[in-house]
Amino acid sequence: MTTPLAHYLILAALLFSIGLAGALARRNAVLVLIGLELMLNAANLNFIAFWRFGPHPERLTGVMFVLFSIAIAAAEAALGLALVIAIYRHRRTAQVDRFDSLKG
Amino acid sequence: MSMPNEIAFLLCALVTLVGAVAAMMLRNLIHCALCAAGAFAGLAAIYLQLDAQFAGFAQLLIYVGAIAILIVFTVLLTRGADILPGTASAAPSWWMGLPVGGLVLACLIESILASPSLRRLPPPEIQAPVKQIGEQLMNQFVMPLETIGLLLTAALLGAVVIGLREPRPSEPNSQ
Amino acid sequence: MESIIKYLWLIPAAPLLAAGISALLPRRRRRLSAGLAIGAISLSLLLSCAAFVATFHSGPVTNNFRWFDFGSTSVQLGWVLDPLGAIMAVMVALVSLLIFIYSLGYMAKDPNFTRFFCFLALFAAAMLGLVLANSLLLFFMCWELVGLASYLLIGFWFQKPSAAAAAKKAFIVTRIGDLGFLVGMLLLYATTGTLLFYDHGQGCLEPTAAGGLVASTTIALLIFCGAVGKSGQLPLHVWLPDAMEGPTPVSALIHAATMVAAGVFLIARVYPLMTLDAKQVVAWVGALTAVFAASIAVAQNDIKRILAYSTVSQLGYMMMGLGAGGVAVGMFHLTTHAFFKALLFLGAGSVIHGCHEEQDIRKMGGLRLRLPVTFATYAVGMMALCGVPLFFSGFWSKDAILDSFDREHWLGSQAPFYLGLFGAFLTAFYMTRQVCRVFFGKPNTPEAEHAHESPPVMTIPLVILAGLAVVAGFFGTPAWPWFQAYLTGRQAGFDLSKLMEGHALMVMLFSTGLVTVAIVWSGWIYGRAASRPARETDPLQAAQPALFACLQKKFYVDEFYDATVVRLTAAFAKFSDWLDRVVLGGLVRAVCWLVLALARLDRNVDESVVNEGFDVGSETVRDSGRWVSRLQNGQVQRYLRVIGLAFCALLLLLLWGSR
């Protein structure tokens with residue numbers, strides 16, 4: 001491996017902030033979920049990078065973590081999207097700023 | 001320093017970033033979903049570069065193959081494709097959100113650059129065979145494995161329940 | 001019978017009990033009320049006679065008892081049985097009994113018969129208590145009770161404003177005298193340390209072991225003030241004539257025979273305390289009163305008022321007797337006066353009753369034929385009062401008084417003696433005037449025409465009293481001075497030659513001469529006038545209109561008192577009322593106002609500070625909660641933003657904090 005660890009980490013940071021900015025700046029709920037997935041992916045990349053450059057790569061800790069993370073992300077995406085669909089049925093809208101019935 | 005590796009990395013990184021930016025900025029939601037799939041694919045390539053082949057293929061399978069499709073379905077089901085020309089696609093407080101993103105980026109980069117782990121040398125070639133992954137799953141990580149199983153079951157049931165159409169006796173045709 | 005002393009207290013207690021029971025009886029129980037009173041007084045009379053007899057066997061006996069203690073000393077009361085008290089008790093009980101019986105007839109038509117007998121019994125109880133008391137304190141208590149009974153009885157017909165006013169006047173004027181009496185009593189107690197009269201040598205009238213017998217002019221004169229008030233002597237006589245507003249039996253009993261004599265009895269009781277100077281004052285006051293009242297009586301037209309002024313005059317004589325001659329002389333006249341004055345008053349009552357409640361002598365006349373028994377007894381009484389010689393008691397008692405001014409025993413001036421003689425002249429004059437106008441001549445009004453004699457229940461007491469008025473005199477003649485000897489503890493011998501002794505003989509002749517002249521002169525003036533009609537002016541009035549007017553107006557004494565004392569007192573009373581209402585009342589109102597203001601302040605504080613404070617506090621909590629809840633606006637992206645910022649903050653903290 002010739003690319004240094006820093007590059008992977010910076011990529012992950014960029015990916016994370018893009019995902020966060022998008023989640024904060026877009027109106028549609030689905031796009032917020034996409035942003036969420038991007039953030040998760042950034043975290044996964046971090047794990048793999050640190051596993052690879054870490055002291056004991058033969059233990060496969062990073063890979064296992066990422067596997068589980070992917071599985072959980074899948075479950076979460078499924079549920080989140082089902083929620084969006086359910087809300088859409090009620091409110092006829094998928095716009096996040098309209099979902100404010102929990103306001104205090 | 002291996003130039004081809006570097007170039008390959010840069011290319012994959014570019015694909016990923018462009019895909020991510022596009023996913024966040026495009027107006028048409030289908031386009032966003034497809035660009036997001038592209039970003040996921042780019043990431044899978046980077047995993048392969050990092051000798052995490054199983055993770056890379058899993059990423060492709062699940063993220064691109066399942067999650068991206070799910071997103072497309074959701075967009076279609078919520079008529080997100082029929083975006084009226086008058087409505088804004090940005091959230092009302094997007095001007096507050098972008099700086100926060102920028103701030104987070106800055107903090108993260110600061111912390112990365114200040115980290116002592118940057119001085120690590122790349123370790124030698126490693127093998128991450130699937131057999132080993134399987135053995136570890138069944139021995140060390142059996143508990144998380146079973147828990148993940150339960151979680152997926154619960155998520156499945158939950159998604160079905162949430163997505164279920166409620167029976168309405170008063171209306172002959174709902175929706 | 002020394003044991004009689006143990007039962008002595010029954011003498012006043014029996015009528016007191018009768019009065020107490022009568023007070024609770026309803027108005028229709030007349031016979032029970034009268035029966036109780038008469039029965040009680042009869043019992044008292046019997047016991048008094050027994051006590052009288054007992055005094056022959058022994059000297060003064062006392063029965064003292066402790067009333068209450070205060071500090072190291074105690075207040076003692078007691079009863080005494082000595083000749084003075086015994087003779088007085090017998091006289092009071094006897095006269096009271098006769099008058100009670102008389103009242104059965106006189107008050108028969110009055111609706112308040114029961115109340116009358118209740119008050120009469122109360123009076124009798126108080127008077128008997130006074131007579132037998134051994135302690136000046138007990139004496140004073142009975143003295144005040146007697147005054148109370150007098151007030152109740154004078155104002156018996158209280159619906160009449162004049163009667164109510166007269167009762168008040170009597171009470172207030174005697175009170176003024178009682179003030180002096182009380183001060184004298186206090187001084188006596190302070191000097192001797194006891195108020196008991198006789199206490200085995202320790203009493204205040206006995207030569208005490210502690211401080212010697214205190215014969216003090218000050219104390220004597222102060223106690224004399226009480227007598228001046230009660231017995232109607234000169235400055236305080238004004239209540240007695242007005243007291244005639246009460247029923248005639250009351251006038252007879254209280255204002256002739258007994259209560260007014262209580263003053264004389266008081267001086268007789270405390271005689272050991274009288275110094276020569278005090279006796280001089282007493283004699284002078286008595287003499288002046290005698291002449292003063294007698295002159296007023298000459299010009300009065302009401303039958304009872306003439307007798308009232310006559311009483312005042314005779315009380316003056318009694319005081320003269322006490323001052324000049326001693327206890328025996330004064331008491332002798334008191335006893336004889338009680339009989340004939342009661343007789344005269346009851347006779348006047350009979351006349352009034354017969355003339356259908358007419359009291360003006362100008363409207364009577366010729367009653368001697370229509371009221372024979374009354375006339376006969378009245379004549380006896382009149383002659384006794386005038387001092388017609390030999391057979392009538394007044395002669396002997398008055399001459400005993402005048403006799404005591406002989407230069408061997410009396411060291412003061414002879415002026416009171418001459419005043420006494422002049423008074424005797426006036427007495428005979430006005431009594432003859434009265435008798436002529438009432439009983440002689442022709443009737444002046446239809447009521448007098450049809451006057452009727454009184455029933456026996458009224459005339460029998462008259463006859464008894466007439467007999468007593470004659471007989472009593474024989475017990476005190478110089479030939480056989482039994483009365484005087486009895487009182488002073490000596491033996492009396494029967495010696496006719498004493499009648500011929502120098503000064504006594506001169507006095508007897510002189511007074512007889514004056515009385516004869518007065519009766520003849522008055523009879524000549526009024527005997528002829530009696531046959532003329534009533535509206536004609538009195539011959540005296542025609543002769544001396546100014547003098548007559550002055551006498552008729554009682555020397556303007558009442559008017560003088562009204563202008564000075566009464567006016568001052570009323571002004572002071574008004575001032576006190578103002579003080580009470582405005583100053584003290586204002587003070588109370590100010591305190592109330594203050595309390596109310598404090599209460600209002602308290603309420604305001606409670607409402608504004610406490611309640612408001614709570615309200616403001618609660619509202620603040622609620623508003624702040626409302627403000628804080630605005631953070632939750634339901635916008636998920638804002639929450640995410642906040643999480644992002646918090647993440648940055650944490651990161652920077654970790655990064656820079658560890659440097």
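Predicted model: local features only at pLDDT ≥ 70, side-chain atom pairs only at ≥ 80, totals over all residues.

Me: Let's start with chain C. What makes up its secondary structure?

Reply: Chain C has 25 helices and two strands.

Me: Why are H2(C) and H4(C) called roughly parallel?

Reply: Look at the angle: the axes of H2 (residues 30-54) and H4 (residues 113-132) of chain C cross at roughly 15°, coming within 8 Å. Angles under 35 degrees count as roughly parallel, so that's the label H2(C) and H4(C) get.

Me: And which hand does the crossing of H2(C) and H4(C) have?

Reply: H2(C) passes H4(C) in a left-handed crossing.

Me: Which residues of H2(C) and H4(C) meet?

Reply: From H2(C), they include C:Ser33, C:Ala37 and C:Ile41; from H4(C), C:Phe117, C:Ala121 and C:Leu128 are among them.

Me: How much of chain C is buried?

Reply: Buried residues are 50% of the 659 in chain C.

Me: Now chains A and B. How many residues are in contact there?

Reply: On chain A 63 residues are in contact with 73 of chain B. Helices H1 (5-25), H2 (29-53) and H3 (61-91) of chain A each supply at least two residues to that side, and H3(A) gives the most, with 21 residues.

Me: What classes of residue does that side of chain A have?

Reply: The side of chain A touching chain B has 47 nonpolar, nine polar and seven charged residues.

Methods
Residues numbered from 1 in each chain as written. Chains lettered and ligands numbered in written order. Contact = placed C-beta atoms within 7 Å. Helix = DSSP H or I, 4+ residues; strand = E, 2+ residues; numbered from the N terminus. Nonpolar A, V, L, I, M, F, W, Y, C, P; charged D, E, K, R; others polar. Axes fitted to C-alpha atoms, helices over the stretch in contact; angles between N-to-C directions. Parallel < 35°, antiparallel > 145°, perpendicular 65-115°, else oblique. Left-handed = near helix turned anticlockwise from the far one by under 90°. Buried ≥ 20, exposed ≤ 12 C-beta atoms within 10 Å, placed from the backbone.
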